[in-house]
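Here is a note to read alongside the model. Please keep the structure open as you go through the points.

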Amino acid sequence: MPVKSTGQAVAEALALAMEMDEDIFLAGEGIGTSIHVNPHLPTFGLLERFGPRRVRDTPVSEAAIVGLAVGASCMGLKPVVEVMFFPFITLAADMLVNHAAKLRYLSGGLSSFPLTVRVKSGVFSAGCQHSHSLEAWLAHAPGLKIAYPSNPADAKGLLLSAIFDPDPVVVVEEMPLYWTIHGEVPEGDYRVPLGQARIARQGGDATLATYGGAVHVALQAAEALQAEGISLEVIDLRSLVPLDTASVIASVRKTGRFLTLHDATRFCGYGAELAATVAETCFDELKAPVRRIAAPDIPVPFSPPQEAFYKPSADQVTQVVRGMMHAG
Amino acid sequence: MQRDPLDRDQRIGLHADMLLIRAFEDRITQMAHEQGRLPGMQITCHGQEAVAAGVVRALTPRDVIVTNHRSHGHLLARGVDPGALLAEIMGRQGGLNHGKSGTLHLADPGRNVLMTSTVVGAGPLLAMGAAFAQHYRQEQGVTCVFFGDGAAAEGSVHEAMNLAAVWKLPVLFVCESNCWAGAQAHKEHCPIGEIAARAASYNMPGEMTDGNDVEGVHETARGFLEHCRSGKGPALMECRTYRMHGHGEHDQQQYVDKDELASWAGRDPIVRHAEVLRRDGLGEFMAGMLERADQAVDRAVAFADASPFPPPEEALDHLYVNPILREG
Ligand SMILES: Cc1ncc(C[n+]2csc(CCOP(=O)(O)OP(=O)(O)O)c2C)c(N)n1
Ligand SMILES: [Mg+2]
């Protein structure tokens, strides 16, 4: 299997989808002509290959970008639009939350909205108006699905599933992964079903559920814990909505300990949903209280040492897991 | 309206401001290319100095500025300390905003550079609110907001202009039309050549000015500020200029026509103004000005370099006036 960067894997999925289906078009700010010349960027080369009819640079207009997707998808096209950075999704929130998520329901099932919104996330020295992990906001809007890949194969497979899914899907792409994470990517029409988690590492002592770039932090922690004789199972959720509850529960039943990890802030974060689900279903099997590891409840600070302080680290994970082992 | 002509000191002051801005940003450009010297991306207003100097020097101290990601010029023309500015850009303790902002959201409320947003198109809304306060308290102040030609595509800009016009709020909307929004040329994101033409649809005065003519910009700004101050509502001033560097210093401008760039280089606002001053017999007053600007920048670099990074835990500070304490 060829090894690709995460960004290249996204580009491959976009190109493949467009080749397969004429109803698919792309739109977003600078997705065609970009200020960056970087082959690891997800829309690199697509304008040259598919032309300006199908690869559309838009004005700086997030509401219009997502409005375009909602309207066009109701007409049967399959729009794949990009919102440049996660905080800017708030400008498109009306179209996404009040419309993409609700119009099918409002129509009594008569309409459908096969659209995909790709949004770039991550912490990258730009401060809190460029970096804000808002996945829990979106997860709280019934009607949306949310995929969140951690590696190149999943980036391709989840995106293809999202594009051909008949419902609105938001795919969160952590920008630093585009060029830092490489891996084998299956060729052809490879799909990872939405709602199917992946065991990223087998373990018997505790279960950690996470997603996106934090998966790599968790794996680092698991490696360190192994040296101390503690075996951590790492679940890469891959999709937040729908959530693969069965895989999480099965793992917790095996290990008896559960913790969550994400780069988003803690209060009302996605980890809270996971913790509640496990507490409701596995209470009797738990040997220690459920723990959540997340960013502190502040916006992303700019100053480099503070930015590092903000992001949960492998050390934090190992410390928490050690504590859970002593708890029982 | 007849206004007093600019006196010698005002004209020389405009020139000194532009030189300081250029010297400061030339140093930023240089440092941006030294590996690891500056965190994040650097955005300069190289070529647009006349807009910053011309407009800001027309403001009174009680007037309020709202700015955006391309803000160095606005801040320096307002008299913000270059050392504190650079320290903030470097994420240091001694920075204007204690390292919370970094380069993209630089603000100095103490000097009435009241708010900065890097969310494109947000500034006009914030300015409308600030101007409401000035109007409500029957102050003489005006709020001046700088935004780009790209920003004019955001719906927020329409809402701000509409409400400011309906309520006759004292906002001077200054559109820096620098021919680019990222890698998108003006005609790719804007259906009309002059955004100032939209003023008519809000029943407010609007005008396109030569943004590379510092004295012309200054004169036009003075006229519009009188309008705003006299209770007649907002005004829209568009300054035609050119973004001489890329969107940021990392941008190689591969999409920019080289002849177009060269032709705008021939209209450099600083060179042009120096010629005007010399023509008017004021050449002697420019002696030593460049050296003084460079020395001010040297002092700023020394200050910023000597300023430590803020302690990581201080990332938790400054979120609320009355902090919320959370368990766990
Ligand atoms: C809401 C929002 N969308 C996208 C961006 C990314 N972005 C930053 S600057 C910029 C271009 C802005 O162009 P313009 O308003 O003309 O300002 P200029 O950069 O030319 O000064 C874009 C798209 C952003 N910061 N905010
Ligand atoms: Mg512009």
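In which helix of chain B does B:Val166 lie? B:Val166 belongs to helix α6 of chain B. Helices (H or I, at least four residues) and strands (E, at least two) are DSSP runs, numbered from the N terminus.

1. Basis. This is a predicted model, in which local features need pLDDT of at least 70, side-chain atom pairs count only at pLDDT 80 or more, and totals for chains, interfaces and linings use all residues. Residues are numbered from 1 along each chain as its sequence is written, chains are lettered from A and ligands numbered from 1 in the order in which they are written, and side-chain values use heavy atoms, with hydrogens and water left out.

2. The sheet of chain B. Six strands make an open sheet, in the order β2-β1-β3-β4-β8-β7 (chain B). Their pairing is parallel. Two strands count as paired if DSSP finds at least two bridges between them. At the edges stand β2 (113-116) and β7 (206-210) of chain B. Each has a single partner strand, so one side of each is left without a neighbour in the sheet. From one strand to the next, the twist averages 20 degrees. Axes are lines fitted to C-alpha atoms, for helices over the stretch in contact, and angles run from 0 to 180 degrees between N-to-C directions.

3. Helices on the sheet. Helix α5 (residues 123-136) of chain B packs on the sheet. Helix α5 touches β1 (64-67), β2, β3 and β4 of chain B; contact means heavy atoms within 4.5 Å. The direction of α5 makes about 175 degrees with that of β3(B). Helix α6 (residues 155-166) of chain B lies across β3, β4 and β8 (235-240) of chain B. The angle between α6 and β4(B) is about 150 degrees.

4. Strand β3 and its partners. Strand β3 (residues 143-148) of chain B pairs with β4 (residues 171-177) of chain B over six bridges, in the parallel sense. Among the partners, B:Thr143 bridges to B:Val171 in β4(B), and B:Phe146 to B:Val174 in β4(B). Strands β1(B) and β3(B) also run parallel, joined by three bridges. Here B:Ile65 is opposite B:Cys144 in β3(B).

5. How enclosed is β3(B) by the rest of the structure? It is largely enclosed, because six of its six residues are buried. Buried means under 20% relative accessible area, exposed over 50%, and partly exposed in between (1.4 Å probe, protein chains only). One side of β3(B) carries B:Thr143, B:Val145 and B:Phe147, and the other B:Cys144, B:Phe146 and B:Gly148. Both faces are covered.

6. A nonpolar patch. B:Phe132, B:Tyr136, B:Val166 and B:Trp167 form a nonpolar patch on the surface. Together they have about 470 Å² of accessible area. Patches are made of residues with over 30% relative accessible area and no salt bridge, with like charges joined within 9 Å and nonpolar side chains (Val, Leu, Ile, Met, Phe, Trp, Tyr) within 5 Å. Areas come from the Shrake-Rupley method with a 1.4 Å probe; for residues, only the protein chains shown count as cover. B:Val166 counts as exposed, at 54% relative accessibility.

7. A buried glycine. B:Gly233 is in the loop between α8 (214-229) and β8 of chain B. Its relative accessible area is 1%, so B:Gly233 is buried. Leaving aside residues up to four places away in sequence, B:Gly233 touches B:Lys168, B:Leu169, B:His227 and B:Cys228.

8. Salt bridges. There are 36 salt bridges over all chains, each a side-chain nitrogen of Lys or Arg within 4 Å of a carboxyl oxygen of Asp or Glu. In one of them, A:Arg49 meets A:Glu19, with the closest N and O atoms 2.3 Å apart. A:Arg49 lies in helix α2 (residues 46-50) of chain A and A:Glu19 in helix α1 (residues 6-20) of chain A, so the pair ties together parts that are 30 residues apart in sequence. Another joins A:Asp236 and A:Arg198 (3.0 Å, N to O). A:Asp236 is buried, at 0% relative accessible area, whereas A:Arg198 is partly exposed, at 26%.
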